[in-house]
Amino acid sequence: MRDFVIPLTHRPGELATVTNALSLEGVNIRSLTAMSFGNQAMVRILPDDVEAGRSALRSANIRFEEKELVSVLLENRAGELTGVAGRLSDAGLNLEALYVIGLADDMIELAIAVDDVKKAKKVLE
């Protein structure tokens, strides 16, 4: 599983430009997270089709980085995320982003971006 990290200027229409480029290539957004800081913004998009998403962004000349993610399935109850964050922290891993990618009954599936995916996969096994 991979996501696209896209730096933007914090102004009207920036997100629409990105999502339009993806939609023109038939790329569905599975999940996203976005935040602005002053006049800058960052959007992270988890596409349903990484190859098509990559192609769409390149065709539209949209700058992006691509990152591998780690997924984890947790019980949907208080303290579960604390356990994951604690294990990552204890291993010296920095959390970069977090997505909710599934929610059913008493379970929640998360996709996590960290600075060392290989190490995170071992820690979260």
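**Close-up 1. The contacts of Glu 96.** Leaving aside neighbours within four places in sequence, Glu 96 is in contact (heavy atoms within 4.5 Å) with Arg 44, Lys 67, Ala 113, Val 114 and Asp 115. This is a predicted model, in which local features need pLDDT of at least 70, side-chain atom pairs count only at pLDDT 80 or more, and totals for chains, interfaces and linings use all residues. Residues are numbered from 1 along each chain as its sequence is written, and side-chain values use heavy atoms, with hydrogens and water left out. You will find Glu 96 in strand β6 (residues 95–104); strands here are DSSP runs of E, at least two residues, numbered from the N terminus. With a relative accessible area of 35%, Glu 96 is partly exposed, a class between buried (under 20%) and exposed (over 50%), using a 1.4 Å probe and protein chains only.

**Close-up 2. Val 72 in strand β5.** Val 72 sits in strand β5 (residues 70–75) and counts as buried because its relative accessibility is 9%. Not counting residues up to four places away in sequence, Val 72 touches Ile 108, Glu 109, Leu 110 and Ile 112. Although Val 72 and Glu 109 are 37 residues apart along the chain, 5.7 Å separates their C-alpha atoms.

**Close-up 3. Strand β3 and its partners.** Six of the eight residues of β3 (residues 40–47) are buried, so this strand is largely enclosed by the rest of the structure. Strands pair if DSSP finds at least two bridges between them. Strand β1 (residues 2–9) runs antiparallel to β3, joined by six bridges, and Ile 6 has Val 43 as its bridge partner in β3. Strand β2 (residues 29–37) also pairs with β3 in the antiparallel sense, over eight bridges; here Phe 37 is partnered by Gln 40. Two residues lie between the strands of the β2 and β3 hairpin, where Gly 38 takes a positive phi near 65°.

Conventions: Helix = DSSP H or I, 4+ residues; strand = E, 2+ residues; numbered from the N terminus.
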